[in-house]
Amino acid sequence: MIDCLELRRRVGAEPFTADADLEAHLVDCAACTRYRDELRAMDGMIARALAIDVARLRRSAASGAAESPQSRRRLVAIAASLVAGLAVGLVLLTAAPRASIAREVVDHVVHEPATMASTVPLSPAALAGVLAPEGARLRPGIGDVTFAARCVHDGHVVPHLVVRMPEGAVTVLVLTHRDLGKPLRIEDQGLIGRVLPAPRGSIAIVGQDLADPDAVARKVFEAVDWGV
Amino acid sequence: MNRDDTGTDARRRFGSLCESLRPDLLRFAFWLGRDRQLAEDVVQEAMLRAWKSLDSLTDQGKAKSWLLTIVRREFARSFERKRLEVTDLDALVAAEANVLAAEDDDGLAEMREALFRLEDEYREPLVLQVLMGYTTQEIADAMGMQQGAVLTRLFRARARLRRELGLAGESAP
């Protein structure tokens, strides 16, 4: 059994970490539970703070660049190099095998079993911080969100949620970088789910023992508000 | 598929990849250097270097970490070239006030300023973890540190932010 000091060291470095030792301590320690929840909420705020509006960032930089001949020369150099540089070596990318979306999603979920450990609902601020960079939010009422973090997936940082719905716990990956023409089924390694085309990219919903994965996926899909 | 089709498709995919990663790379560079012009220059230069050394990227799944490494190196070069030194944090905050502002959310602007004032050694791993989604081991690999040292820095970064924002009601270890 870990003590308060150890728990706070670990949670202070990784607020969304979860394992049996941590959960066992949190069950009996209200102060540490509060500390963990505060840190998770703060991380939501940190995520929102770091997600600076790029349009504003670039507009500001562009106004500065207009005064900089060095920057203009660099832009010209980049344009020229784009033509030449792209012709070299790009075949490698095409030749590289690319896993299917379904396989990537299953691999992601299978490799992060700790995300399912917590049953404590996250604060709305923590959840908002994870989804805000995608311009999305989750409408309340669908279920308790017990895990939310931004993970590297397919070379991109994507929101990864665990939502505990009446129908069962599901993992949701918001894949704004992956456009999809039609829904995909997932049935692999004991997981079942769907990947649905979304207003921006796609959204994957997977769980275990889902009686009606289509209905669950549709419910999650409709709970996502893309107009943030 | 003939060679031209393959090249066109690859170019489109790589262009799309860069386009999708560029916002996060720009944000990362901004938080690294706390200067929007420097961030734009560093990311542009990094993209140029990326295109030139594209053959070193053999796994597209690692494109993000590959580009991030190039941005970090380019940032280090810029710092070396310009011998940038931060001597006046207040002036730095004032210079980027437009970017740090958050309409209708004072708490967000306050957090941005607190992050801005955080020492480099604490700010960078925190940005890698929260913004870029890196694990502590990936941060350790990127920064050439032991994982334990990364965990310590992340803990201290959050402790400082809590203190700075008046959230540290209890004593933390």
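## Briefing: a predicted two-chain model

The buried residues of α2(A) pack against α1 (4–13) and α3 of chain A. Contact here means C-beta atoms, placed from the backbone, within 7 Å. This is a predicted model: local features need pLDDT of at least 70, side-chain atom pairs count only at pLDDT 80 or more, and totals for chains, interfaces and linings use all residues. Residues are numbered from 1 along each chain as its sequence is written, and chains are lettered from A, with ligands numbered from 1, in the order in which they are written. The predictor gives the complex an ipTM of 0.85 and a pTM of 0.61.

**Confidence**

- pLDDT is the predictor's confidence in each residue, from 0 to 100.
- Chain A has a mean pLDDT of 80, and 81% of its residues reach 70 or more.
- Over residues 84–98 of chain A the pLDDT is below 50; this stretch has 30 contacts in the model beyond near neighbours in sequence.
- Residues 65–69 of chain A stay under 50 in pLDDT, and the model has three contacts for them beyond four places in sequence.
- Chain B has a mean pLDDT of 81, with 80% of its residues at 70 or more.
- Within chain B, helix α1 (residues 3–33) has the lowest confidence, at a mean of 73, and helix α9 (residues 147–164) the highest, at 96.
- Residues 1–5 of chain B stay under 50 in pLDDT and have one contact beyond four places in sequence.

**Chain A overall**

- Chain A has nine helices and eight strands. These are DSSP runs, numbered from the N terminus: helices are H or I with at least four residues, strands E with at least two.
- Of the 228 residues of chain A, 41% count as buried. A residue is buried if 20 or more other C-beta atoms lie within 10 Å of its own, exposed if 12 or fewer, and partly exposed in between, with C-beta atoms placed from the backbone.
- Among contacts in chain A with a separation of 6 or more, 57% come from residues 24 or more positions apart.

**Helix α2 of chain A**

- Helix α2 covers residues 20–28 of chain A, and its buried residues are Leu22(A), His25(A) and Leu26(A).
- They lie on the same side of α2(A) because they cover an arc of only 100° around the axis. The arc is that of the directions from the helix axis to the C-beta atoms.
- Ala20(A), Ala24(A), Val27(A) and Asp28(A) are exposed, on the face turned away from the buried side of α2(A).

**Sheet of chain A**

- Six strands of chain A form an open sheet in the order β2-β3-β4-β7-β6-β5, with antiparallel pairing. Two strands pair if DSSP finds at least two bridges between them.
- β2 (144–153) and β5 (184–188) of chain A are the edge strands, each pairing on one side only.
- Neighbouring strands are turned by 20° against each other on average, direction ignored. Axes are lines fitted to C-alpha atoms, for helices over the stretch in contact, and angles run from 0 to 180 degrees between N-to-C directions.
- β2(A) and β3(A) (residues 156–165) pair in the antiparallel sense over nine bridges.
- Across this pair, Ala149(A) stands opposite His160(A), and Val145(A) stands opposite Val163(A).
- The hairpin of β2(A) and β3(A) has two residues between the strands, and Asp154(A) takes a positive phi near 55° there.
- Helix α8 (residues 124–131) of chain A lies across β2 and β3 of chain A, at about 25° to β2(A).
- Helix α9 (residues 213–223) of chain A lies across β3, β4 (168–175), β6 (191–197) and β7 (202–207) of chain A, at about 45° to β6(A).

**Nonpolar core**

- The largest nonpolar core has 103 residues; Leu50(A), Val172(A), Phe28(B), Ala29(B), Leu67(B) and Val71(B) have the most contacts inside it. Such a core is a set of buried Ala, Val, Leu, Ile, Met, Phe, Trp, Tyr and Cys residues joined through C-beta atoms within 7 Å.
- Helix α3 (residues 30–50) of chain A gives the most to this core, with ten residues.
- Not counting residues up to four places away in sequence, Val172(A) touches Leu161(A), Val163(A), Ile203(A), Ala204(A), Ile205(A) and Val220(A).

**Two single residues**

- Arg137(A) is found in strand β1 (residues 137–138) of chain A. Arg137(A) is partly exposed, because 18 other C-beta atoms lie within 10 Å.
- Arg137(A) and Trp226(A) are 89 residues apart along the chain, with their C-alpha atoms separated by 6.7 Å.
- Thr136(B) lies in helix α8 (residues 136–143) of chain B. With 21 other C-beta atoms within 10 Å, Thr136(B) is buried.
- Beyond four places in sequence, Thr136(B) touches Ala13(A), Glu14(A), Gln147(B), Val150(B) and Leu151(B).

Technical notes. Two residues are in contact if their C-beta atoms, placed from the backbone, lie within 7 Å.
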